[in-house]
Amino acid sequence: MEVEDARHDSQPAVFVRASELMAKGDSGISTGYSELDEVIGRLQGGLVYLFCGGSFVDRLVHRLMVRACAVGKVGYMNNTDYYSEKTLVDLDMLASLSKLEGMEPDDVLESIYFVAAYNAQRQRKVASVFAEMVRSEMQTKLIVIHNAPMFLVDPKSRLKASESLNKSLVIVYQLAARMGIPVVVTAPATQISKLATHRPFGSSWMRHSARVIVHFRETGNEMRVVATLIKHPSRPAPVSFHVSADERVNDKKWSPSKYVQLLGEEHRRAFVELERGAWETERRACECVSLLPFDTMNLTASVFVMKEIWRLRKRLEELVSA
Amino acid sequence: MTSFVGWLLDAYIQSEEAALWFVDLDGRRVRLTAVYSPFFHVKPRSQEDGERLTRELEACAAVDSFCIEPKRTSLGSCHLEPLIRINVTRTKEFHQLVRGLEENDHVSDVYNADFKHVQRYLLTQLQIEPTSKVVVEHDSGRLVSIERVDDSMEIAPPPFSMIRFRTEVDVPSGRISWIEINTERGQVRLEGLEKEVIASFLNYVELEDPDFLFCPKCEEEYNVLEARAKATGVEFELRRCSDAAQVRGQGSLAGRVVLGDVFYGYSADKWGIAGLVERARFAFAPPGLATRWKSNRSIDSRNCFELLRRGYAIPRACYFECARSLSELMKKDRGGIAITPEEGLYENVGAIDFDSQFPSIIIKERLSYELQGDESFRLIPQVIAPFTTKRILLKRIEGVLQRGSDVRRYCRQRIEALKMIAVTQYGISGCCWNRFGNVLTFEAINEQSRKAMVVAKRTAEHSGFSVIYGDVDSVFVSKKDASREEYEKLAAAISAETGLPASLDRHFKFIGFLRTRDGLVTALKRYLGITYDGEIEARGIEMRRADAPEFVKRFQASAICAVLDCENLEEVRTLGVRRGRELLDAAIRAIELGAVDTEELTVTKCLRKEPGKYMVNTAQRSAALQLIASGREVRAGDSVQYVFVDVDHANHMCRVEAKISDGMNYDREEYTKIILRAAKTVFSAVGAELETI
């Protein structure tokens with residue numbers, strides 16, 4: 001058995017055939033933003049993606065989690081200050097993005113498992129617990145470590161916090177590489193001087209270990225974000241490009257969420273399945289317009305109701321005048 | 001060998017041994033010393049690592065001796081693990097040795113390493129809570145034996161004495177202008193030349209010989225005093241013996257204690273030595289530390305004591321939480337239940353309260369950090385059960401003690417201190433800074449609280465009562481013509497159904513629930529009422545605000561009494577409202593005639609930030625700037641007092657006056673507005689509009 005294991009371990013896992021790579025070209029998780037996908041590709045298993053910047057990074061993370069939930073589970077490691085907020089997950093954002101992606105928010109919430117590190121001291125232990133969960137949950141398709149360098153903010157304890165961060169990341173990265181799960185790490189951006197390019201705040205090791213680093217900067221236009229590719233194994237960097245932040249343009253999906261809430265729990269899932277099948281053709285047809293099927297139905301109903309109101313009002317006027 | 005009965009006043013580590021101070025029954029202060037041997041435990045990674053480690057320890061000069069000791073290392077587990085106990089030669093080398101071993105490749109974990117030396121001595125060697133009553137045997141200044149005497153039912157505090165002092169520093173020169181001393185006998189202000197002021201203060205302390213020194217700014221004020229004494233050439237000596245002062249950190253001053261500024265549930269201003277004693281005993285810490293540690297440290301210290309005496313080794317941190325789904329978090333991360341009241345005035349209402357609800361839930365459900373494992377021992381219930389029981393007992397005793405007596409005051413101080421001890425256990429249970437903190441425990445306590453509220457509501461409704469208002473641990477119920485006995489019976493029924501102690505806290509003759517200040521919805525914690533005993537109860541209104549002038553508070557209390565002290569609802573709306581209006585007219589007349597004492601119109605506000613950092617010209621900022629201009633030192637956290645003199649003045653500095661003196665002119669229009677607002681609150685509770693009365 002040991003011989004068998006040793007033989008298995010000795011296989012050079014790093015070499016992959018070009019044909020396999022070609023076949024894999026379409027695999028991985030799309031970020032949901034076509035411009036970003038074009039530059040960094042889909043998120044590939046075992047690689048570490050470091051995204052830094054402001055509020056768009058939050059939105060990107062939420063979207064990635066929702067998209068990953070469509071194919072499996074998501075492991076989410078939360079790094080927040082205990083006193084300000086319990087988790088960085090914005091449930092409203094998650095729900096709206098779930099609807100946009102044609103998924104039930106409840107299913108998404110069920111598919112995301114999380115652990116919370118509220119201080120540097122706990123971060124390493126939390127990483128171990130998290131790794132244990134990832135190991136046991138074979139369906140994990142994405143790992144998110146949100147705001148990883150959170151505890152490095154205090155300059156007094158920065159050294160210890162940095163050590164704890166690196167050790168935590170090592171635990172998660174090793175497992176992710178072994179299990180072929182993409183890891184998304186987020187961090188705030190920092191700038192050494194006004195002329196220098198932005199870079200992720202955090203430990204040097206955190207930056208070195210990331211395969212791809214992208215910085216996002218919000219512009220005056222809410223619908224557009226300037227992204228800067230800071231690090232990439234095969235592309236020239238730094239290079240800036242625009243990302244359209246309007247999810248509706250990128251992807252239009254049908255969402256039954258608002259309506260199924262009216263049904264009982266036991267029939268809900270069956271209804272969703274039936275309805276999804278029944279409206280599949282309409283959904284595809286509607287992908288080229290900005291109206292959703294249910295919106296169309298609502299609109300039709302509203303027009304009909306308005307027509308009835310006008311008819312009744314006219315009749316009432318006639319009666320009054322008579 | 002001689003012996004005495006006394007109280008343990010203070011403990012500290014001095015020259016590799018423990019120094020203990022006692023106050024005996026005759027009021028004598030006695031200093032004894034005892035052996036202190038610092039130690040900690042390490043867990044080797046494997047047996048082989050253990051062998052290598054022992055060879056390294058043999059060669060280490062800082063190690064006095066070492067041996068193998070079986071210890072429990074995991075909360076909730078009965079499993080014993082062989083750890084190496086390392087006795088350290090000198091306290092100075094302790095932390096260096098711990099650090100070295102933490103980085104040693106053969107060491108898996110280090111235990112019992114993060115206590116203060118005095119804490120380690122108290123927890124592991126003396127094992128007696130500071131301030132406890134004890135029987136001591138000693139020989140030539142050395143402690144021979146010590147035994148705790150049970151004084152848990154004594155209400156008066158031990159005969160420790162305290163003085164409170166406040167120094168006034170002139171900002172430009174940094175000199176001390178005066179020192180104000182408060183004792184139980186009265187107040188003294190020392191003024192004059194700085195050198196004389198300091199010398200007089202030192203003389204005063206020598207003469208009074210207090211055990212506790214308390215100054216509002218704690219060590220900072222003490223340091224200023226020490227520095228100015230040196231600068232003026234006064235010999236600064238407050239110690240009782242030649243031991244080194246350890247004011248910084250633990251407040252020990254060789255026989256005296258400079259108290260810290262953390263007072264939970266009691267106040268040093270009210271000579272709350274009884275409360276301080278409860279806190280020190282719970283925290284297993286000398287009074288200086290007990291008034292410096294916040295709740296988390298105090299609870300941790302007690303937790304460690306309970307675990308150490310049961311054969312546990314204390315790790316640096318534990319982690320019990322597991323990964324879970326966001327949907328589970330959404331379901332479980334909820335607080336207690338609140339039932340919003342309907343606005344209006346109600347007659348004959350009973351407020352049924354769960355006594356110490358969270359601690360009772362913890363004890364009943366045996367909820368602790370370790371939710372699984374060894375059933376025979378649960379840490380939190382074990383820690384809080386005696387303190388919760390004592391509080392409930394003291395509450396019963398308080399009811400029969402004479403109002404206004406010293407004993408009743410001491411009893412209240414103890415109750416308040418014990419309340420904070422019990423309540424903070426709940427809050428700290430899920431805290432990330434708690435060594436054993438577990439969010440799941442915190443959520444489980446909340447869940448049980450919600451269940452209790454639902455059961456209480458259902459029980460009340462089944463008994464024919466209507467639930468008017470509920471707030472986590474209390475329900476306000478009403479039933480037409482129900483007697484006090486019926487309410488008490490309902491409380492007993494709720495207690496039986498929930499398994500938690502519940503009692504009729506207040507029986508209101510009338511209670512009025514108010515809307516929020518913006519008037520949009522009924523507020524949760526905003527009501528006023530009067531009980532059948534004639535006591536006024538109010539929440540969230542002007543008279544409960546710390547910054548409201550005394551005149552306004554007094555007026556509102558009398559107005560509530562005048563309006564609500566009637567026979568029935570109809571009388572409240574006619575006679576009561578008329579009496580209230582008369583009171584209002586009299587108050588407005590007094591303001592307009594300038595007949596109100598300026599002291600009574602003083603507004604007291606706490607500065608939330610440094611005066612220079614305020615973005616808006618608030619009244620408290622203007623007052624603070626006035627004080628600074630007059631040479632006073634004012635910082636964030638300080639309270640400032642002021643009187644409105646002209647709120648419409650173009651210059652914000654002229655709107656208030658911080659230097660309050662008798663007979664000064666105040667802004668009559670502004671104070672009339674304030675009094676009208678207070679009256680409007682009272683009238684709106686009974687459904688009357690001020691404009692139409």
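Which strands and which helix of chain A do the buried residues of H7(A) pack against? Let's start there and then move on to chain B.

## About the model

This is a predicted model, in which local features need pLDDT of at least 70, side-chain atom pairs count only at pLDDT 80 or more, and totals for chains, interfaces and linings use all residues. Residues are numbered from 1 along each chain as its sequence is written, while chains are lettered from A and ligands numbered from 1 in the order in which they are written.

## Helix H7 of chain A

The buried residues of H7(A) pack against strands E2 (73-79), E3 (112-117) and E4 (140-146) and against helix H8 (158-179), all of chain A. Helices (H or I, at least four residues) and strands (E, at least two) are DSSP runs, numbered from the N terminus. Among the buried residues of H7(A) are Val126(A), Ala127(A), Phe130(A), Ala131(A) and Val134(A); a residue is buried if 20 or more other C-beta atoms, placed from the backbone, lie within 10 Å of its own.

H7(A) covers residues 120-136, and its 17 residues reach 25 Å from first C-alpha to last, close to the expected 24 Å (1.5 Å times one less than the number of residues).

## Chain B as a whole

Chain B contains 19 helices and 26 strands, and 41% of its residues count as buried.

## Domains 1 and 3 of chain B

Chain B is divided into domain 1 (2-35 + 126-149), domain 2 (44-114) and domain 3 (162-304), with bounds from an automatic or database domain assignment. The C-alpha centres of domain 1 and domain 3 of chain B lie 22 Å apart. Their contact takes 14 residues from domain 1 and 18 residues from domain 3, where contact means C-beta atoms, placed from the backbone, within 7 Å. On the domain 1 side, E1(B) gives the most, with 5 residues.

Strands E21 (502-515) and E22 (522-531) of chain B pair in the antiparallel sense over 6 bridges; pairing requires at least two DSSP bridges. Arg515(B) has Thr522(B) as its bridge partner, and Gly519(B) in this hairpin takes a positive phi near 75°.

E22(B) is also joined to E23 (536-539) of chain B by 4 bridges, again antiparallel. Here Gly529(B) has Glu537(B) as its bridge partner, and Gly534(B) in the turn has a positive phi of about 85°.

Note on methods
Buried ≥ 20, exposed ≤ 12 C-beta atoms within 10 Å, placed from the backbone. Contact = placed C-beta atoms within 7 Å.
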